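Hello,

Here is the structure I promised to hand over. Please open it beside this email and follow along.

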Amino acid sequence: MKNYFQFEQLGTNYRREIIGGLTTFLSMAYILVVNPIMLSLADIPDLPDEMRMDMGAVFVATAVAAAIGSLLMGLIAKYPIALAPGMGLNAFFAFTVVLTMGIPWQHALGGVLISGIIFIILTLSGVREKIINAIPAELKYAVSAGIGLFITFVGAQNAGIIVNDDATLVVLGDIHDGSVLLAVFGIIITVILMTRGVNGGIFIGMVITAIVGMLFGLIDRPDKIVDSIPDISPTFGAAIGAFGDSSFFTTQMLVVVLTFLFVDFFDTAGTLVGVANQAGLMKDNKLPRAGKALFADSAATVAGAVLGTSTTTSYIESSAGVAAGARTGFASIVTAVLFLLSLFFFPVLSVVTSAVTAPALIIVGVLMVASLGKIDWTKFEIAVPAFLTILAMPLTYSIATGIAIGFIFYPITMIVKGRTKEIHPIMYGLFVIFVLYFIFLK
């Protein structure tokens, strides 16, 4: 085992890898709570039952998909990078595809499955890296920041911190309401933990908020902590079954698949490079075994879609494990085992209300908008598409719309500026696709 993961060459040992794997798990364990609640649209009242995914099934799908992805990344690519259903992508799945577009969640899972299969094909052919390189870095950063703002808005809205207003569209909620105060308390606690650099600060913040909520009678106490694993049958295989519905194959669904492809493309690439750099695994500014890492990510997306969850992707929270000493794929295997053990703790989800999840969503948003600093705002031809991408996501309540607007304006501003040679041909293709998106779907 030591030889396979090259412990000696990388200066690590079992203790460091186990601690690193545990740290990564604690840093991203919030997804076990947030993803089922988000995909089931549990915080949205008065929705038809057919629009909601079964929370227990999604919980199992989330844990198993994370375990499969992390295990593949550890065994095949040998990187200390864990995977799980991605934040941002699950928001797009639930709030844009299902809630706004009105696409059945079964069809949405089918879209995730198709995107995963395309990922595998593009990865094996080497095309995936070429497409990633074709998108300008500024737009990659803008998409990440935009998703961060969108997630933050969703969290604040679900907790009642931001509410609807007929005159101004949105306004500050009732800060005297117990649930709103609990959410604010959770934000403060989580900010303190993250500022102090506490590993798993987001997860710990959720636990403290839930406990305080129960002590003050704002949250009902669970009947039990450990129980049998929930039934996954409500979501298992639904993605495959969607292909038998003739209404699945639409232009609208094509846009959904392309968005899943795009967002996961750059989320994964950025995470792999960032964590590998932190761990000192980059060689000559290149990522060794990049193809294997991308394959692990793609295969995890396919597995997750079949199980019943949105796109599974590499997690930047893996950097916490690297900071704790992880250097090899053994740490990812440890994380995978912990995700499997978490399957027995589903009853705890009953204490996780929107007031508890809001701090996690908001803090993840803070982490994602860090990419704003990497955009050259002094160049107007760059600033315009980047700004519109970022702004449109929360204002239109759609990640897809934000991406579409930014990718339409980018070729326009670059051509007018006389920087035509810097525009990759793929960008022109995306320009046409998104113009058609607005013509036929808006």
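**Aromatic rings**

One aromatic cluster is made up of Y4, F5, F7, Y14 and F330. The model is predicted: local features need pLDDT of at least 70, side-chain atom pairs count only at pLDDT 80 or more, and totals for chains, interfaces and linings use all residues. Residues are numbered from 1 along each chain as its sequence is written, and side-chain values use heavy atoms, with hydrogens and water left out.

The whole structure holds 15 aromatic pairs. Rings of Phe, Tyr and Trp (its six-membered ring) pair if their centres lie within 6.5 Å; planes under 30 degrees apart are stacked, over 60 edge-to-face, and the rest tilted.

One of the pairs is F150 with Y397. This pair is edge-to-face, at 5.3 Å centre to centre and 70 degrees between the planes. F150 lies in helix 8 (residues 137-158), and Y397 in the loop between helix 17 (380-396) and helix 18 (399-416), so the pair ties together parts 247 residues apart in sequence. Helices (H or I, at least four residues) and strands (E, at least two) are DSSP runs, numbered from the N terminus.

Buried means under 20% relative accessible area, exposed over 50%, and partly exposed in between (1.4 Å probe, protein chains only).

F243 and F248 have ring centres 5.4 Å apart and planes at 65 degrees, so this pair is edge-to-face. F243 is partly exposed at 29%, while F248 is buried at 2%.

**Charges over rings**

K78 has its charged end over the ring of Y4, 4.0 Å from the ring centre. R289 has its charged end over the ring of Y79, 4.6 Å from the centre. The rule: NZ of Lys or CZ of Arg within 6 Å of the ring centre and within 35 degrees of the ring normal.

**A strand pair**

Strand 2 (residues 162-165) pairs with strand 3 (residues 169-172). The sense is antiparallel, over four bridges. Two strands pair if DSSP finds at least two bridges between them. A hairpin of three residues joins strand 2 to strand 3. D165 stands opposite L169 in strand 3.

Best wishes
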